[in-house]
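The sequence and structure come first.

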Amino acid sequence: MGDLVLCRRLLHQARPYYRGMFLFFLISVMAAPVALLTPVPLKIAVDSGLGDTPLPSILREMLPGSLTATPLNVILLSAILVVMIRLLTQVQSAASSLVRTVLSERMVLDFRAKLFRHVQRLSFAFHDRRGSSDSTYRILWDAASIQYITIDGLIPLVSSVVTLGSMIYVTFAVNWRLGLVALAVSPLLVGLALFFRPKLRRRAKDMKKLESAAFSVIPETLGALRVVKAFGQEDQEQERFVGRSRASLQAKIRYMITECGMGILIGTTIAAGTAVVLYVGAWQVLVGNITIGELILVMSYIGQLYGPLKALSNKAATMQSQLASAERALSLLDEPFDVPEKPNASPIDRARGQVRFENVSFSYPDGTEVLSDVSVDIKPGTRVGIAGRTGAGKTTMISLLMRFYDVSDGAIHLDGRDLRDYRVADLRRQFSIVLQDPVLFSTTISENIAYGRPEAGDEEIIAAAKAANAHDFIVKLKDGYDTRVGERGMRLSGGERQRISLARAFLTDAPILILDEPTSSVDIKTEDLIMDALDRLMKGRTTFMIAHRLTTLENCNLTVTLQDGELVVGETKSVPALCGAP
């Protein structure tokens with residue numbers, strides 16, 4: 001995307017903050033008149049206090065004659081003006097900093113929240129392809145570009161233009177010859193900015209990409225720390241992190257070398273312009289065209305004239321790093337939903353649980369086919385066992401049912417309607433899921449049980465825990481239901497985590513239940529407790545149980561086996577004691 005397109009899109013994101021941005025702009029512009037006043041006291045002291053030049057007429061009219069009667073009084077007036085102008089400068093700076101901080105932090109928070117919401121709604125196909133670390137980096141770091149470009153970039157650019165215009169007008173009013181000499185370097189500054197802009201943009205993109213790659217090692221390693229320690233690979237992971245970080249560092253150094261080179265050339269150009277103005281101005285003093293005080297005033301304005309010029313040149317080029325970040329953040333926001341919701345999608349309150357796979361095929365974006373022409377009709381309340389070797393498509397079949405992905409061909413129906421006709425959020429509320437490796441969040445046990453129904457009361461949470469055979473071990477903990485389970489629930493045993501996961505399913509009370517080998521990683525005693533809870537949980541619900549071994553599925557009503565993407569349907573049988581099948 002081009003610079004103008006990126007800036008326009010970021011300004012669109014910042015639309016709710018236009019009033020605050022305008023206030024910040026007004027406060028920033030106030031720096032220009034304050035800057036114009038800064039050298040005035042020195043000119044008055046030199047020309048009217050130490051010399052014999054009359055005071056400016058505006059001061060003679062405003063002030064009583066006693067304050068300007070003697071040279072000493074004029075110098076005292078100059079000193080008072082210095083203090084007043086400095087105080088005004090500090091007030092303007094403090095107000096600018098306060099407004100900038102509040103405005104920028106709120107703007108970045110909103111942009112991050114928007115990106116986070118969007119990423120959560122993207123399908124598993126996107127996350128499988130991109131990974132979580134890159135998205136995390138874009139949300140945490142690249143999103144801040146909206147602040148640096150709008151608040152610290154565009155507004156200062158506009159302020160610099162206003163300040164530049166003011167300085168040019170005043171400088172030409174004092175001495176137009178010196179003003180022309182000072183502006184002679186402007187084309188060179190613009191040319192330098194245009195020359196360095198594409199180089200900085202290209203190197204900024206490389207830097208951000210490598211920084212993201214280095215960042216990804218940290219959550220990946222810490223998330224699998226038990227495996228890393230078990231295989232004694234701490235040094236290897238350290239080397240991987242350091243290696244990627246060094247590549248990122250080298251990219252950053254290349255970027256900084258380019259930026260510093262541009263800064264040196266801009267600084268040298270400005271120094272040359274200042275030297276020429278000083279030479280010409282001193283010659284003007286010698287021939288009597290201007291006073292020493294006027295030369296001091298002009299030289300002060302020239303310094304302030306070059307400030308905005310330098311800022312304009314530097315901002316236009318050095319913003320390339322932030323524009324590269326903005327491009328990454330906006331490209332994440334542009335990722336399309338692979339599981340779109342129809343504009344007129346139908347709501348669904350509670351499904352009966354009738355499921356039909358009709359000639360379903362599915363392939364991943366890389367072309368790998370997982371399911372081919374799968375068809376099966378499942379009546380409400382049926383307990384379905386899904387078997388097959390690893391990679392046969394068992395989990396994919398369930399993911400399609402929950403619309404984590406959409407089918408490539410065919411259709412899946414729930415209660416006689418295509419899944420794609422329902423609202424996505426309503427559809428997913430029809431499912432409770434219990435995984436082989438239960439997922440808990442680093443909050444309390446109570447909050448984990450109520451994750452699917454945050455509004456549930458304490459009595460409902462306790463009833464769900466009792467149904468899942470979890471209440472007894474929970475009350476023995478020091479903090480009971482308020483016990484924090486740690487990251488991914490690691491302060492609890494595998495069996496305890498699984499029973500909390502079951503309690504969550506009981507509380508959710510969805511009509512369709514997904515079980516992904518829920519007893520494969522627990523001991524026999526715990527397995528009995530879990531199976532007892534599952535017996536109660538499955539009654540009256542359509543249940544899908546995933547397993548590698550057919551023996552695990554002996555008590556299912558219907559057993560289906562996936563082989564090379566195709567479905568082999570077994571004989572339907574009645575198992576009322578276990579699943580309450582109709």
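Arginine 403 and aspartate 406 are both buried (under 20% relative accessible area; exposed is over 50% and partly exposed is in between, with a 1.4 Å probe and protein chains only). The two form a salt bridge, a side-chain nitrogen of Lys or Arg within 4 Å of a carboxyl oxygen of Asp or Glu. Their closest N and O atoms are 2.7 Å apart.

The model is predicted, so local features need pLDDT of at least 70 and side-chain atom pairs count only at pLDDT 80 or more, while totals for chains, interfaces and linings use all residues. Residues are numbered from 1 along each chain as its sequence is written, and side-chain values use heavy atoms, with hydrogens and water left out.

**Salt bridges**

The whole structure holds 19 salt bridges.

| Positive residue | Negative residue | N to O distance |
| Arginine 420 | Aspartate 418 | 3.0 Å |
| Arginine 350 | Aspartate 509 | 3.8 Å |

Helices (H or I, at least four residues) and strands (E, at least two) are DSSP runs numbered from the N terminus. Arginine 350 is partly exposed, at 46% relative accessibility, and aspartate 509 is also partly exposed, at 36%.

Elsewhere, salt bridges link Asp134, Arg138, Asp142 and Arg328 in a network.

**Charged patches**

Patches are made of residues with over 30% relative accessible area and no salt bridge, and like charges are joined within 9 Å. Lys199, Arg202, Arg203 and Arg254 make up a patch of positive charge on the surface. Helix 11 (residues 186–223) gives the most to this patch, with three residues. Arginine 203 lies in helix 11 and is partly exposed, at 31% relative accessibility.

A patch of negative charge on the surface gathers Glu447, Asp458, Glu459, Asp479 and Asp482. Among them, glutamate 459 belongs to helix 19 (residues 458–467). Glutamate 459 is exposed, with a relative accessible area of 71%.

How values were computed: Patch = residues over 30% accessible without salt bridge, like charges linked within 9 Å, V, L, I, M, F, W, Y side chains within 5 Å. Areas by Shrake-Rupley, 256 points an atom, 1.4 Å probe, with all protein chains shown as cover. Lys, Arg positive; Asp, Glu negative; His and termini not counted. Charge placed at Lys NZ, Arg CZ, Asp CG, Glu CD.
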